Amino acid sequence: MNNNDFYGFLEGRKKSVTSDIEALSADGRTDEANILKAKFNVYDIAKSVFDTTAKQSPDSVATAFPALFSRITGPWNTSLETAKTHGDDRKVLIEEAKLAAVAEITARFAKLVR
Amino acid sequence: MTDLQAINLFKCLADKSRIQILKSLMVEDMYVERLAERLNLTPATISFHLKKLVDAGAVTLRKEQYYTVYAIKGDIFNVSILDILREQSEDKSIQDERDEAYRKKVLDAFFEYGKLKSIPAQRKKELIVLEEIAKSFEPGRDYTEREVNIIIADFHDDFCTIRRDMISEHILERDKGTYRKV
């Protein structure tokens, strides 16, 4: 796997989400724009996790990255379910946005290491 | 309408999605899924905005069979902005509103779904948290230490610290092993 392909994907998604945030803000939908910022941060988290695993386990990054990334993002599913149970609509939207980014990242990574 | 209520209402209205929801509700009362379909937004996004509108007093809700139906609250929109601006702001109510807003901010920061996330380090904030926990104690009733611990443990595992702090802050009083809300 070429690490730059993964970095390129993360940067591309950040640009796309930034553009969505700007569009929502310009459209007067500030709350939805702010919620989307949570999604933006997930790409930075993925980059940091990938950097760490690439340094610590360069030969096994294909398995080390998904393992560490899912350990960090796994509790977000619980957080989403808890928010749904308590009718916390804002938190539901934030957790859904974060988990959508996780799904994108996981799928792309799996494709790149195949 | 108080100043704070007016600010909350105006803040709430300053959002295109919420204006679109209100426009839809002007046509007829609707439930979440119907609004989501009509405005091409997810049901979760609609619920989020509707909660804000309900909290600001712009929308009311009622249960109809399996659905919660939302309706525009006509009264609030029949008040003219000039009438709101003409209302006198009382110093006392402004201070009360500030205190209440601060209190709410602290409670939102330290409680999540009824559980205390951590004990505040600042005394002022801890006092607010302790007063909130104290609402679970009936006035005039005597409690054993075990009962006190059980009530506090519903909020936080460190019931010993909280119990002691409630005594030192004179929220609870202890007399020969019996506790009572002050």
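This is a predicted model: local features need pLDDT of at least 70, side-chain atom pairs count only at pLDDT 80 or more; totals for chains, interfaces and linings use all residues.

Visitor: What are the dimensions of the C-alpha trace of chain A along its principal axes?

Guide: The C-alpha trace of chain A spans about 45 × 30 × 20 Å along those axes. Of the 114 residues in chain A, 26% count as buried. Among its contacts between residues at least 6 apart in sequence, 50% join residues at least 24 apart.

Visitor: Let us turn to chain B. At what angle do helices α2 and α3 of chain B pack?

Guide: Helix α2(B), residues 16-27, packs against helix α3(B), residues 32-39, at an angle of about 115°, and their axes are 11 Å apart. Angles of 65 to 115 degrees count as roughly perpendicular, so α2(B) is roughly perpendicular to α3(B). The crossing of α2(B) past α3(B) is right-handed.

Visitor: Which residues make this contact between α2(B) and α3(B)?

Guide: Helix α2(B) contributes B:Gln20, B:Ile21 and B:Ser24, while α3(B) contributes B:Leu35, B:Arg38 and B:Leu39.

Visitor: How should I read a sheet?

Guide: Strands of a sheet pair through backbone hydrogen bonds, either parallel or antiparallel. In chain B, an open sheet of three strands has the order β1-β3-β2, with antiparallel pairing. Its edge strands are β1 (30-31) and β2 (59-64) of chain B, each of which pairs on one side only.

Visitor: How many bridges join β2(B) to β3(B)?

Guide: Six bridges join β2(B) to β3(B), residues 67-72, and these two strands run antiparallel. Within this part of the sheet, B:Leu61 stands opposite B:Tyr70 of β3(B).

Visitor: Which strands of chain B pair with β8(B)?

Guide: Strand β6(B), residues 142-144, is one of them: three bridges join it to β8(B), residues 178-181, in an antiparallel arrangement. There, B:Thr144 has B:Thr178 of β8(B) as its bridge partner. Strand β7(B), residues 172-175, also pairs with β8(B) in the antiparallel sense, over four bridges. In that pairing, the bridge partner of B:Arg174 is B:Tyr179 in β8(B).

Visitor: What should I note in the hairpin of β7(B) and β8(B)?

Guide: That hairpin has two residues between the strands, and B:Lys176 takes a positive phi near 50°.

Methods: Residues are numbered from 1 along each chain as its sequence is written. Chains are lettered from A and ligands numbered from 1 in the order in which they are written. A residue is buried if 20 or more other C-beta atoms lie within 10 Å of its own, exposed if 12 or fewer, and partly exposed in between; C-beta atoms are placed from the backbone. Two residues are in contact if their C-beta atoms, placed from the backbone, lie within 7 Å. Axes are lines fitted to C-alpha atoms, for helices over the stretch in contact, and angles run from 0 to 180 degrees between N-to-C directions. Angles under 35 degrees count as roughly parallel, over 145 as roughly antiparallel, 65 to 115 as roughly perpendicular and the rest as oblique. A crossing is left-handed if the near helix is turned anticlockwise from the far one by less than a right angle, and right-handed if clockwise. Two strands pair if DSSP finds at least two bridges between them.
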